[in-house]
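Here is a short tour of the model on display. Take a look at the sequence and the fold, then read on.

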Amino acid sequence: MPEQGPQGPDDAIAPTGAGGAMDLAASEGGTLAPGGAGPEGGRPAGEAARSLWSDAWRDLRRNPVFIIAGLVIVFLVLIAIWPSLIASGNPLKCDLSKAQQGPSPGHPFGFDTQGCDVYTRTVHGARASVTVGVCATLGVAILGSVLGAVAGFFGGAWDAVLSRLTDIFFGIPVVLGGLVLLSVITNTTVWPVIGFIVLLGWPQIYRIARGSVITAKQNDYVQAARALGASNGRMLVRHIAPNAVAPVIVVATIALGTYIALEATLSYLGVGLKPPTVSWGIDISAASPNIRNAPHMVLWPAGALALTVLAFIMLGDAVRDALDPKLR
């Protein structure tokens, strides 16, 4: 009879591919790196095991698209928080005698139809757009991920009900829904727009999270945790979620730019943000009738909007390439 190696409470389970270990109790032993260490495991002695996240970060730091997009986004966030860093004027201070005038010393972008400085309003407009994009993305990601994880992990009636609910929401046209729902709201803050985007945006993240959880829960390390008596909550939070979150991050990052564009579209149509809130969509809407006579009024807020959306989409593409093992 062949001799068997010793087995006991110190045997361990390999960590997951996304960097999360089984995190068993101390009495259940330490965690072995995949493939072992040293010459027998194919990894030189002393070389630390890298997780999916560390590999992704290493790739992102070498990706010029990520670096450029990241710098643009950092700049946008800074001026959204402190617009006075580069624009000391008041975006609501207007002089009708200067209406539609072109660039002049101290006013590089000219003036709009009300005589407001276009440069100042373009800088201050970043706050509303970035706030809507970030808050809506966080809300969509949290709501969609939680519901998707519950449906994918437990299945049964939860999955059936939530899946049919997402089908209903997918059938609602976003712009038409905004025209109907937001037209009755008189609040001039960003929160009604954020709430509307979360209401109609969570089904996309839900489907991504549900599929990722269904795939992750079939892996061997989850089955091993179940056999060792791990609770459903522990398996979902400690073992499944870290390995299912990567697709959600990618989709949410790309969607952030889409939500900023959606806010501008709704504001352009008059149902999104409303004055006195400073928004690129509001400025584009006010300047569009005079685009032939004073194109500068549309050019700068539209250019800022396009640059912002492009930066977030490029960031999402770079993150997707780094987190998708098939693209390595």
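## Burial and surface

Of the 328 residues in the protein, 41% are buried (under 20% relative accessible area, with exposed meaning over 50% and partly exposed in between; 1.4 Å probe, protein chains only). The accessible surface comes to about 17200 Å², and 65% of that belongs to carbon and sulfur atoms (Shrake-Rupley method, 1.4 Å probe).

This is a predicted model, in which local features need pLDDT of at least 70 and side-chain atom pairs count only at pLDDT 80 or more, while totals for chains, interfaces and linings use all residues. Residues are numbered from 1 along each chain as its sequence is written, and side-chain values use heavy atoms, leaving out hydrogens and water.

## Helices and contacts

The protein has ten helices and zero strands (DSSP runs numbered from the N terminus: H or I of at least four residues for helices, E of at least two for strands). Taking contact as heavy atoms within 4.5 Å, 66% of the contacts between residues at least 6 apart in sequence join residues at least 24 apart.

## Two nonpolar cores

A nonpolar core here is a set of buried Ala, Val, Leu, Ile, Met, Phe, Trp, Tyr and Cys residues joined through side-chain atoms within 4.5 Å. The largest one has 31 residues, and Ile-260, Leu-305, Leu-315 and Leu-323 touch the most other members. Among the elements that give it two or more residues are helix H3 (118–154), helix H8 (232–268) and helix H10 (296–323). H10 provides the largest share, twelve residues.

Beyond its neighbours within four places in sequence, Ile-260 is in contact with Ser-129, Gly-133, Leu-305, Thr-308, Val-309 and Phe-312. A second, separate core of 30 residues includes Leu-182, Val-193, Tyr-259 and Leu-273.
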